[in-house]
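Hello,

Here is the structure I promised to pass on to you.

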Amino acid sequence: MPDVPTELGGVHHTARPTWKLKETVEFYHDILGLPIVHAISAIGWGPVDHPDFIHVFFGSGRDSTIAFFYYLGTPEPEQELPPESWLNKSVHTAWRVDTREQLLAWKERLEARGLPVLQVRHEIIESIYVTDPNGYMIEFTWQVRAMTQYDGLDAELTLAAAIGIEQEQGKRVTEIETVWQRKAQLVRKKLAEAA
Amino acid sequence: MPAIFVLDVPEFRALAEIARTRPDCRVSVAGMGYLLIESDHDIVFDRRELGFTPAVWYGAFTGGVEGRIAEFGRDTVRIVAVNAADPR
């Protein structure tokens, strides 16, 4: 199919394991109000040690879903990190809302249900955060402005600076200051090429 | 002399606006969406004067730094020339 472009149409689902089926349904369906749109319940498949499972999908707007696997009879693996570790927050889902008023309405709704809500204004988004019963972080975000071609170019230069340093020194970069310094060199070079 | 590149976008624009009020700073349009802030002395910013939230503050120099960050606290940053003596 040479004429069919390979373009993506947004998120269909993300999926993570849960060992708390009832609490997960209560959080996403009862508290957040997401519809339960699909569930697979299946006997163990594939590898011989694969457990029976329930795979549930909650609707999260514009035909996107968030999904969970509930593996029957399996113990939850021991967590290597404490739940409050910053590293646990890196894997998260962020849902888009269209206006700041909607963002604040969600905050009010979540707080009314007794959930601690963190609100942060970032560079081009403003977000609120809650943690689900599994310890997964959920973000609601309002994008303040559209991203331009310059945002993308700037991002590429940041990455080129970090990767360039790592390739040169043969180990991982440890301080952002060195990235910023290399970035300035790359910006200078790009500007000279464009002149 | 220290210099910083600042992407000319609303969230970072206060850096250039404040720098323009400083007699020892020069602000110019560098191209590719960047502004260039240069100074013959240390470049010092106060977070509260900029109106930056912490999340923006700690990433405010992502555009690129020509110099060395001698100080980066919760409310104050000081960027000095690469070869400047460290007072600490």
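A word on conventions: residues are numbered from 1 along each chain as its sequence is written, and chains are lettered from A and ligands numbered from 1 in the order in which they are written. This is a predicted model, in which local features need pLDDT of at least 70, side-chain atom pairs count only at pLDDT 80 or more, and totals for chains, interfaces and linings use all residues.

Chain A is assigned domain 1 (8-73), domain 2 (89-146) and domain 3 (149-194); such bounds come from an automatic or database domain assignment. Between the C-alpha centres of domain 1 and domain 2 of chain A there are 21 Å. Their contact takes 11 residues from domain 1 of chain A and 7 residues from domain 2 of chain A, where contact means C-beta atoms, placed from the backbone, within 7 Å. On the domain 1 side, strand S1 (13-18) and helix H1 (21-31) of chain A each supply at least two residues, and H1(A) gives the most, with 4 residues. Helices (H or I, at least four residues) and strands (E, at least two) are DSSP runs, numbered from the N terminus.

In chain B, 4 strands form an open antiparallel sheet in the order S2-S3-S1-S5; strands pair if DSSP finds at least two bridges between them. Strand S2 (25-31) and strand S5 (65-66) of chain B are at the edges with a single partner strand each, so one side of each has no neighbour in the sheet. S2(B) pairs with strand S3 (residues 34-39) of chain B over 6 bridges, and B:Val27 has B:Ile37 in S3(B) as its bridge partner.

Best wishes

Notes: Two residues are in contact if their C-beta atoms, placed from the backbone, lie within 7 Å.
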